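Subject: Structure handover

Hello,

Here is the structure I promised to pass on. Please open it first, then read my notes below.

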Amino acid sequence: MVAMSERQLAVVVQIARIATEDLELRPMLERVVGAVRDAFGWEFVAYASLDKEGGRFVCDAVSSELPSEIHVGYVRPLGYGVVGRVLQTGEPLLIDDVATCQSYVATIVGTRSELCVPVRHRGELLGIINAESLRVGAFSGYLEVLQTVADQVAGAIAGGRLHQELTRRADLLELMSRISRTALQSDQLDEVLQSICAFVRERFDLDFCSILLSGSADALVAATSARDPAAEMEHGVVWSTTRGIVGRAFRSGEIQFVADVTRDPDYVMVNTAVAAELAIPVRHHDRMLGVMNIEAASVDALSPGNRQMLIALADQVAGAIHLATVNRKLGETLTLAADNSAQLAHANERLRIANEKLERLSTVDGLTGIANRRQFDSALRQEWRRARRRAHPIALLLVDIDHFKGYNDGYGHIAGDDCLRRVAATLERTLTRAGDIVARYGGEEFAVLLPETELDEAARTAALLHEAVRALRLPHRHAVGRDVVSVCVGCASVQPNPGIGPNDLVDRADKALYVAKLAGRDCIRTYVAT
């Protein structure tokens, strides 16, 4: 194995920094492929993700100085070209001369050599980084470098996916809360359904959304919202349960997703712009209430993530229908029995408690039970404003479990999750001041926010946390030179002023943590300005 040159190592460090600066996947990937192309002078670099369920790969970022048919959103089946081959085999492929490779598919005129490496995180194949050049043998000696870059990017992609999932869940909780509030605002069921349809259509950028309730044994009555008023069904229109994809969903009681309506024999064309349809049965307990029907001009609007959210919302719609029905009945009998007023108050209280629980869930890490990244970001902004207003320092510790991948691989994911929970509980228990916050920052990394704290005091707190984790005596035989689980800590403290912001504090703590890792881990390092 040829050792990386100082220049190549500098590029890897640059990529590692880029990968930790932004939780948004696409901007991060665009910066990475651009940095790789600029650093090595290659004509083309791209990242493509694996869509295992769809049996395809999708280009998520590309940097090219030459005309190419490859663009963000470019999709091809697995097995297509060099990229498809690497995604099928999971093995890197270096081609000094593409004329000798049967798998090569030309996308850039004049390409002579290609290097494609897989991107993996904890054994899971996420995608590939692909580079092409007009020069024969342009990638000789660069396989290890690009594999190292892929390793750096893999963790960031996994973190970004986790961030997206947490954001998606927070959005879903917010949407559910919105629908619940809509249901409470009126006891008129038609009005509630119309509001929900309009809200869902606008929120997901759909062409059409309708809620069809069972009006009799063989008919559904619609509440609708359409992007094009001319395509909107008349409110209250009766739709047969034997007709279309909607009728099929009602009869079967199963979700119907049609990616291309032109290929479905049951599709009934109302709007020629529609390309995809999703029909979701709406149930309250075991009772079939109707169907929530969604139509879009592009199948991308009904992505797997959006479908999951819409399916969850359909359950919430069932509750809203039930709640609106209850509210209507309560309104009709309010003057007849004071007991009905208590029932409504009880329903509202339960909804308030449920909304409070939803709010708490959106700020707590589901695995460890401590604050999540979203709550940390909010606390950092708030404490930064307070520190700047009061002219107080603010400190940050970034804590990383040493060799956690080896622990996770060696003892298994269940033990790894338990390790994360115990370390998180120890960090939280060791902090003694009421204003200090510990949060799961991502993966095996934790952030500790210390308001009104100078650097020397932050270092003392870091030492307490470091020793508290070692005192757990969690066995770790899967890392060279280790016998128990340990952590390394990066410390930084700043006095807020107009020239710096919260991200500068995070960057300094991250640089200190990086130095601690280079020093062999199981240690503490503080940021010292050069």
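**Overall picture**

Contacts between residues 24 or more positions apart make up 58% of those in the protein chain with a separation of 6 or more; contact means heavy atoms within 4.5 Å. This is a predicted model, in which local features need pLDDT of at least 70 and side-chain atom pairs count only at pLDDT 80 or more, while totals for chains, interfaces and linings use all residues. Residues are numbered from 1 along each chain as its sequence is written, and side-chain values use heavy atoms, with hydrogens and water left out.

The protein chain has 13 helices and 17 strands. Both are DSSP runs numbered from the N terminus: helices are H or I with at least four residues, strands are E with at least two. The chain has 530 residues, and 47% of them count as buried. Buried means under 20% relative accessible area, exposed means over 50%, and partly exposed is in between (1.4 Å probe, protein chains only).

Start with leucine 29, which sits in helix H2. Leucine 29 counts as buried, at 4% relative accessibility. Its contacts, leaving aside neighbours within four places in sequence, are Tyr47, Asp60, Ala61, Val153 and Ile157. Tyrosine 47 is 18 residues from leucine 29 along the chain, and their C-alpha atoms are 7.2 Å apart.

Now go to helix H3 (residues 81-89). Its buried residues include Gly81, Val82, Val83, Gly84, Val86 and Leu87. Among the elements that cover the buried residues of H3 are strands E1 (44-51), E2 (56-64), E4 (93-95), E5 (113-121) and E6 (124-133). Glycine 90 follows H3 and has a positive phi, near 75°.

**Salt bridges**

The whole structure holds 21 salt bridges. A salt bridge is a side-chain nitrogen of Lys or Arg within 4 Å of a carboxyl oxygen of Asp or Glu.

- Aspartate 60 pairs with arginine 26 in a salt bridge, at 3.6 Å from N to O. This pair links distant parts of the chain, 34 residues apart: aspartate 60 is in strand E2, arginine 26 in helix H2 (residues 25-40). Aspartate 60 is buried, at 13% relative accessible area, whereas arginine 26 is partly exposed, at 41%.
- Aspartate 264 and arginine 248 form a salt bridge at 2.9 Å, N to O. Aspartate 264 lies in the loop between strand E10 (256-258) and strand E11 (276-284), and arginine 248 lies in helix H6 (residues 244-252), so the pair ties together parts 16 residues apart in sequence. Aspartate 264 counts as buried, at 12% relative accessibility.
- Arginine 386 and glutamate 383 form a salt bridge, with their closest N and O atoms 2.8 Å apart. Both are in helix H9, and they are separated by about one helical turn because they are three residues apart. Arginine 386 is partly exposed, at 23% relative accessibility, and glutamate 383 is buried, at 13% relative accessible area.

Beyond neighbours within four places in sequence, glutamate 445 touches Leu398, Val399, Asp400, Arg440, Asp510 and Leu513.

**Two loops with positive phi**

Alanine 391 is not a glycine, yet its phi is positive, about 60°. Alanine 391 lies in the loop between H9 and strand E13 (394-401). Arginine 521 is also a residue other than glycine, with a positive phi near 70°. Its loop runs between helix H13 (502-518) and strand E17 (524-526). Arginine 521 is partly exposed, at 25% relative accessible area.

Best wishes
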